[in-house]
Amino acid sequence: MVGEELTEQETALYDRQIRVWGADAQRRLSKSHILVYGMKGTITEFCKNIVLAGVGSLTLVDDRAVTEEALSANFLMPPDENVCSGKTLAELCRDSLNEFNPMVRVSVEKGDLTSFGAEFFDKFDVVVLSFCSLATKKLINERCRKLSKRVSFYTVDCRDCCGEIFVDLQKYNYAMKRQDETTECELQYPSFQEAISVPWRSLPRKVSKLYFAMRVIERFEEAEGRKPGEICIEDLPAVLKLKKEICEAQSLNESHIPNALLERLVMGAREFPPVCAIIGGILGQEVIKAISGKGDPLKNFFFFDSMDGKGIIEDISDPNPKG
Amino acid sequence: MASLQHSQEIKGAKVLMVGAGGIGCELLKTLALSGFQDIHINVAAVIGVNIGLMGINETAIAVVSWGSGSDGFGSIGFKVSFVCEMAEMIRSVGTRYVMIINKLAFVMETTEKQGDGLPYLEVIDMDTIEVSNLNRQFLFRQSHVGQSKAKASVARDAVLRFRPHISITPYHANVKDSNFNVNFFKQFKVVLNGLDNLDARRHVNRLCLAAEVPLVESGTTGFLGQVTVHVKGKTECYECQPKPSPKTYPVCTITSTPSKFVHCIVWAKDLLFAKLFGDKNQENDLNVRSNDSCSSSENKNNVFERSDDEDWEQYGRRIYDHVFGYNIELALSDEETWKNRTKPRPIYSRDVLPDKMTQQNGNADKTDDLSPASAMASLGLKNPQDIWCLMENTRVFLEALKLFFMSRKKEIGNLSFDKDDQLAVEFVTAAANIRAASFNIPLHSLFEAKGIAGNIVHAVATTNAIVAGLIVIEAIKVLKKDGCYRYGSIFSKINENWFVLNHMQHLCRMTYCLEHPSKKMLLMPVEPFEPNKSCCVCSQTPLSLEINTHRSKLRDFVEKIVKAKLGMNSPLIMCGLALLYEVGDDLEKDMIENYTANLEKVLSELASPVTDGTMLTVEDLQQEFTCNIYIKHREEFDEEKEPDEMVLSGWTQAPPEKKDDKTSIGNGASTSKSLPTEPMDAQKDIDVKEILDGTASPGKKRKLPEFSEGCSPDQSNDADETMNHKKIQKLDDDDDDLVMLDHWGKDTSKKQRSQ
């Protein structure tokens, strides 16, 4: 790759990781611009990872004020009230992230994410959303897809001991390496809307139960007009009822979404720090892969449940996409 | 109480974590966030002699070696005086310097900052924060590079910023110190390892076994990682599977017939570098001779002596011509060797670089200059990723050699290769490349050569973060189980598919982070293995040792077997009731003399002779680890295959290296002929890879009949019907085949899930 060479300082700082992904990848990273929304635990972990990795810039959007809940899985914010007063979540996280790696520009953009136009998103190579409503996910995903350049789009959610990552790299080309062989691969990703519209009965029987459970919770929050995570054990009967309805409509055996799993997701709306670390780590790796073009990107969902310990990739896309 | 979150067990639990490196930082953060309130950290200090100079903004770190006789904390006064001497020089330079001398570091501010002209002095761990740590050890900042604090304290302070009310106790000491004994370990509910070396891992493993404390062990390299749980009697211990020893190369490959770049690196590092700058009396006299043609016309002893009328360049060129020219010619004369090999070509400096390197850089002449002595800098070579041509390598070789003798004269004779020593890396890169050119092996960049020579392990922050998360999950499960035993079944609420947490099934899991998905999985959990019945550590199975009892000394046995192979720290060796050797602080003078004398004796000539059929008992009191070794006398050993002249069998036999070291980057196999200074980083790397390879190749995959054995006998008592039922239900619920990992050992057929 032609481009400026890494500085001596960069080579020294990134020595160990350059040995993993090479100097070209490091150069690409240092020119990338990332946007994140939703400064909770998982995103905090993710931000730490990519700031340490040495991306070009990171822009944070989250105007919310600091709450006890926001602090629970976030290691970027000191729980000191004097420090927190008047600052938004994004601003506090920016201050800490800046210290992690002075070579990365970390900034805050204020405002409502859904009101930002195409020219705003056009500045970024990667957009990551966390704790967003179904409608916001769809909206921002579509906005990114309409841009002339390819923007990698991710959503990430952690509830209780579980986590989910969604990836949309649109049309993505990369060189797949296996031992000595390198093959050119092209992956075609569906949008979030397209992915979740794939009829459940046409999905393979082994698809992670978490996929279905997360969709039920998502639909429930949307129907009730709740913010993500605004759910508690009292909602369980209604959630179970909704699950029954959806399963019937989708002709899916109800046992594919165990009630116990839904109960866990409803009860443990908060993030679980070890899961934040794991999901934030996987997401960091995925974003680094997508920017650097090194490594197999996951398509298009990733699930982790600390109960069974599996971190599973699921490809949820229409086998016969239209057009 | 299905969730692992908000566990009561977490709050009261006292946990010990060992290591504050990449995994350690992530682990401490995740523990604190997860609600752990009593965390103890032990940072093992790494002993190493470092020489190097790095520039970081206005701060410069001068890493200064002190002779090999100094052991760190033993001689502070000595060093302080040295530092004051250095302070004079620093004051004149006018920036801030940190000096690291063996384990100790001294921070000095210049008069400018202090105002009073006195050097500001503090002591920190040797395991200091380096620039190349910052990309993943996120609790440390640029400002901590050289800050006068130990890693564990810095990490502690960083975590207290977001969790001020928890207790974090740092210990800045080697975990192998005698005060971290079994009683110390017993106070913890669980021990979490985030270590980077095999030695400390083995030590902690033994203490955990002795103290009966569960151990969560971890390791990462690049995108690969693994987390395993070790519970005495229930699962295999860390040492149940043999750990591959560092890759060794046959001597003749290194000295005569290199075929890979790594062979050239080993030659440059362990032979040439050591000969020129290290202890000249070392017995590495296989060194620069190409083969055994002793008819050498030149006096070998004198080749490396500089005569008075030579300048440094002449001297350098003479060494150059000797090792790259003359020695190759000599090797070529033995035609037998080259029948089936490509002949090397001798290289002489005048052919590559006819002109004298005239540009005498002014600063290179000043011996007291503190700017980094670098051949690259003086020759204007910038990019460490570039591959130098033969001419450039020649110039670097000559320049680096000159710089060593001119600006680092005091260290000559005591130097050993260090990957953080820029000049040493430059010299070794150039020498290896010239040799590679001679043998028709592709040349490599300094960056690549540094990785190979320094056994640098790939590391990224993300894998550490993931592994730390997995460690905490396992730790919580361990604690939950502990809670169950104490409070009875508090998880009595059993719903349809509810998991029952209070049993081994959920207690133990090995998890692998994969680079490429396997069975759609990036994180792959595996049921743990049961203890290896022939493990000499947790099953105390005797070992047998083939050794020439008429030739080998007790010292050979102590160094090569007891310390290197068995990983004992303070051993005690008995032959029947007779004490042959022991290490301790409280020994009588005559005892010490006796032991020292014993060390030099041949085994069969000891007062209690060790001969064929003798049973030796080797014990480490601190580790509470005893091992019996049957001695088998053997007369002859294969020089190339068994260079130790000893063969220990039973359990430590690592499998032969399967991996071909074709990647130029020095991860995997240790590239040193002997044990490198920081040898073990690479170990677990191999570990992980081997295991993963095993998983990936279908031939090795193996499905066990699910729970065919039911519970292992020792657990059947506390496993009632319901639990068995539940377990099976859980498995039915799970469609995927459980992947069993085949370990390499010959005992695979005995392996079962610990359930």
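A nonpolar core is a set of buried Ala, Val, Leu, Ile, Met, Phe, Trp, Tyr and Cys residues joined through side-chain atoms within 4.5 Å. In the predicted model described here, the largest such core holds 117 residues, and the members that touch the most others are A:Ile34, A:Val36, A:Leu58, A:Leu60, A:Phe302 and B:Phe36. The element that gives the most to this core is helix α18 (residues 461-487) of chain B, which supplies 12 residues. A second, separate core comprises 66 residues, among them B:Phe277, B:Trp312, B:Phe397 and B:Ala449. The surroundings of A:Phe302 include residues of both chains: apart from residues up to four places away in sequence, A:Phe302 touches A:Gly163, A:Glu164, A:Ile165, A:Ile279, A:Ile282, A:Gly311, A:Ile312, A:Ile313, B:Leu522 and B:Leu523.

The contact between the chains was examined next. Chain A and chain B each contribute 69 residues to the contact. About 6,100 Å² is buried between the two chains, and carbon and sulfur atoms give 60% of this area. Of the area that chain A buries against chain B, 15% is supplied by A:Arg16, A:Arg19 and A:Met307, more than by any other three residues. Between the chains there are 4 salt bridges, together with 10 residue pairs in polar contact, counted where both residues have pLDDT 80 or more. On the side of chain A that touches chain B, the largest share comes from helix α13 (residues 273-292) of chain A, with 12 residues. By class, that side of chain A consists of 32 nonpolar, 13 polar and 24 charged residues.

Side chains of opposite charge can pair when their charged atoms come close. Over all chains, the structure contains 44 salt bridges. One of these is formed by the side chains of B:Lys29 and A:Glu45, with a distance of 2.6 Å from N to O. Because B:Lys29 belongs to helix α2 (residues 22-33) of chain B and A:Glu45 to helix α3 (residues 41-53) of chain A, this pair joins two chains. B:Lys29 is buried, as its relative accessible area is 0%, and A:Glu45 is likewise counted as buried at 0% relative accessibility.

Within chain A, A:Arg264 forms a salt bridge with A:Asp305, the closest N and O atoms being 2.6 Å apart. A:Arg264 lies in helix α12 (residues 259-267) and A:Asp305 in strand β9 (residues 301-305), so the pair ties together parts that are 41 residues apart in sequence. Both A:Arg264 and A:Asp305 are buried. Shared partners also link salt bridges into one network, which joins A:Lys137, A:Asp157, A:Glu164, A:Arg215 and A:Glu218.

A:Lys137, another member of the network, is found in helix α8 (residues 134-146) of chain A. With a relative accessible area of 3%, A:Lys137 is buried, because the limit for that class is under 20%. Its C-alpha atom is separated by 7.4 Å from that of A:Thr155, which is 18 residues away along the chain.

A further buried residue, A:Ser57, has 8% relative accessibility and is found in strand β2 (residues 57-61) of chain A. The side chain of A:Ser57 makes a polar contact of 2.7 Å with the side chain of A:His33.

Conventions:
Residues numbered from 1 in each chain as written. Chains lettered and ligands numbered in written order. Predicted model: local features only at pLDDT ≥ 70, side-chain atom pairs only at ≥ 80, totals over all residues. Heavy atoms only, no water. Buried < 20%, exposed > 50% of the residue type's maximum accessible area, 1.4 Å probe, protein only. Helix = DSSP H or I, 4+ residues; strand = E, 2+ residues; numbered from the N terminus. Contact = heavy atoms within 4.5 Å. Buried area = accessible area lost by both parts, 1.4 Å probe. Polar contact = N/O pair within 3.5 Å; in protein donor to acceptor, adjacent residues only side chain to side chain. Nonpolar A, V, L, I, M, F, W, Y, C, P; charged D, E, K, R; others polar.
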